[in-house]
Amino acid sequence: MTNSAEKMEFQSEAKQVLDLMIHSVYSNPDIFLRELISNASDALDKLRIENLSSDHESESIAPAQITVLTDKRRRTITVSDNGIGMSRDELVSFLGTIARSGTKEFIHAMREMSSGNGELIGQFGVGFYSSFIVAGRVTVETRRFGSDESWLWDSTGDGTYTIEPGLRAECGTDVTLYLRDRAESDEDSGADSKDYLSSWTLREIIKKYSDFVSHPIYLKDSDDKKDGEGGAPPEPVNSMKALWIRPEASVSDDEYKEFYRHITHDWEDPMERIVYKAEGTNEFHALLYIPSRPPFDLYYRDGAHGIQLYIRRVFIMSDCRDLIPEYLRFVRGVVDSEDLPLNVSREILQQDRQTAMIKRSLTRKVLDTLKKMKQERPEEYAKFWDKFGEVLKEGIISDAKNRESIMSLGLFSSSKSGRTSLESYVAAMNDGQKSIYYLSGAKSAVLADSPKLEAFSERGLDVLLLGDPVDEIWVAAASEFEGHPFVSASAADIEIEGGGQASSNRAEAKKLEESGFLSRVKEAVSGMDLGVKIEDVRLSSRLVDSPATFVQKGDAISPQMRNFFKSMGQDAPPEQRVLEINPAHPLIQKIASRVEEHVDEPGNIGEWAALITGLASIADGEVVANGRDFTHTIEKLLL
Ligand code: ADP
């Protein structure tokens, strides 16, 4: 460290990752090179984009290249690129901190895997920090495109790093790894440690992980003859063949997986890939992947979309939102158009007819692939649905054209069959049943216990339990599936179709009406302050085992849905609650006879009515409005 070097600390999460890199046992240390080459390749792409989009005339930039240089005497490997480089601030924030919120999860997963000391950690990589798997010290000398300053970053990964002025003359970055002693790493790793200074070893690793990288990767040793001193011009190690152009049969599974890692930085294999070529007036190639797990920013408004756009093999932009709809934003991959002009901008893409056509056909392709997965690999598909279903459902609302196909992809909890699709639901309908019954407004597990299901179970009818907040919105938007209307099981005026007759409680109902019990409860309830006004009290024909429940007059709107309306700055239609009482329920009958016995004590009825509404709230999975009074009344009833 020289006088001008400034010493700085890594952010705490970065420290944890570094610590894992240094002290965990890697079954596959080779990945450090894949990560560094991937960063170099990104830096070259970024330079091209910045140079194209900058206001001033595009500068002529040197041909892109990545060099892996070994020095056997110093025991170093240097990965160099002539890409965008980093400013001093960027060095601090990119290499000193970890911005990705997925990192916590990663640290956790790593810890889990490495617990039980000595166990080998697999294919994971956390970008740049992977260098510390093999290196005891790493330096980064870099110069930002457009800047006249160069910086040298230096660290042994022990919690601090230094930054001082560097000597790089052109834009780009050199990452130098000072390899740990083999003896030293052998001792605590046990993994077979390779000679990373051997050009044969490095060539193998580059071919395996980075063959498709679209910039040339050269391998050099400090002992090689200098360029221009005779000998053949150097050949790139990688073939640079765009994977998405090659016929699917000529690409191995591993190559596809490596490419996925390259573009996503995900350490898990994708769940599915789609290789597609569109011919005709609008020609393009697409290589798409469905990840095995959701990216951390899936629900962020500005979260990344996963499609990179190439035009005739030239990288144009990542995060291309116009090529895939919002509700498929988890799909990752590459689209390479033969017909779009090279100077296309985001603004042009938005209005472009060809882009719209590509988007339509990719959407169809992805939906078809999911359909096939659902039919052929139902178990795996169920996992997909658990992770991405909630996002896909947004498409039922926003993509009217593909609405039925997206609905067909859904898997929903249901009261009778556990889990069902809409198609199976319709196929299993009872004679005379036309509607698709559903309950919404709470988590599926709470809905499964709802008293509103009793009449349906008694008739052998299945009810969908729609527990996601987005469910109520798409059900309202779609209103039917294949001609079958969606009907809320909590609607006050529901007429339940199909199936055998439910148990009749007419006689009991008549008694409660005639004795005046119903009208007394109604009067008492109308004066109560329960937060939500109760519009009406009725004797229920839908309840079997429960004493009471709340149902909705008009459109059923749950508390979640109300909050949603509020957040959009809109007034939700007023809630119209109806209290339904089960006249045949022993508890209700007991209360009714108590009330009758004490008709001369008018204060009484208020307490009983509060008890009934409390029971309804509890049965609906809600909180009782006045818990203390409720408890007192129960005491009175029991003691
Ligand atoms: P990731 O690549 O997954 O974002 P890394 O830890 O590998 O994470 O790198 C962090 C950031 O550092 C990168 O996103 C990039 O902005 C910057 N970076 C790393 N290597 C280079 C490089 N060779 N040239 C320019 N920037 C780089």
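Me: Which residues have the most contacts inside the largest nonpolar core, and how many residues does that core have?

Reply: Let's start with the general idea. A nonpolar core is a set of buried Ala, Val, Leu, Ile, Met, Phe, Trp, Tyr and Cys residues joined through side-chain atoms within 4.5 Å. Buried means under 20% relative accessible area, exposed means over 50%, and partly exposed is in between, with a 1.4 Å probe and protein chains only. Here, the largest nonpolar core has 68 residues, and L309, F330, F384, L392 and F486 have the most contacts inside it. Please keep in mind that this is a predicted model, where local features need pLDDT of at least 70 and side-chain atom pairs count only at pLDDT 80 or more, while totals for chains, interfaces and linings use all residues. Residues are numbered from 1 along each chain as its sequence is written, and side-chain values use heavy atoms, with hydrogens and water left out.

Me: Which helix gives the most to this core?

Reply: Helices (H or I, at least four residues) and strands (E, at least two) are DSSP runs, numbered from the N terminus. Helix α10, residues 378–392, gives the most to this core, with seven residues.

Me: Why does this core lie between domain 2 and domain 3?

Reply: Domain bounds come from an automatic or database domain assignment. The core lies between domain 2 (248–382) and domain 3 (411–488) because both give residues to it.

Me: Now the ligand. Which residues around the ligand come nearest?

Reply: A residue is near a molecule or strand if one of its heavy atoms lies within 4 Å of it. Twelve residues are around the ligand, and N39, D81, G127, F128 and H265 come nearest.

Me: How much of the ligand's accessible area does the protein cover?

Reply: Accessible areas come from the Shrake-Rupley method with a 1.4 Å probe; for residues, only the protein chains shown count as cover. The ligand on its own has 530 Å² of accessible area, and the protein covers 84% of that. The largest share, three residues, comes from α2.

Me: Let's move to a loop. Is N238 buried or exposed?

Reply: N238 is buried, at 4% relative accessible area. Look for N238 in the loop between β10 (217–221) and α7 (253–264). The side chain of N238 reaches two backbone oxygens: that of V213 at 3.0 Å and that of H215 at 2.9 Å.

Me: Where is V213 found?

Reply: V213 is in the loop between α6 (199–210) and β10, and is buried at 2% relative accessibility. V213 and A242 are 29 residues apart along the chain, yet their C-alpha atoms are separated by 7.9 Å.

Me: What is the phi of M240, a residue other than glycine?

Reply: Phi is a backbone angle to read residue by residue, and for M240 its value is positive, near 60°. M240 is also in the loop between β10 and α7, and is partly exposed at 29%. R312 is not a glycine either, and has a positive phi of about 45°. R312 lies in the loop between β13 (306–311) and β14 (314–317).

Me: How far apart are V134 and D30 in sequence and in space?

Reply: V134 and D30 are 104 residues apart in sequence and 8.7 Å apart in space, C-alpha to C-alpha. V134 is buried, with a relative accessible area of 9%.

Note on methods:
Polar contact = N/O pair within 3.5 Å; in protein donor to acceptor, adjacent residues only side chain to side chain.
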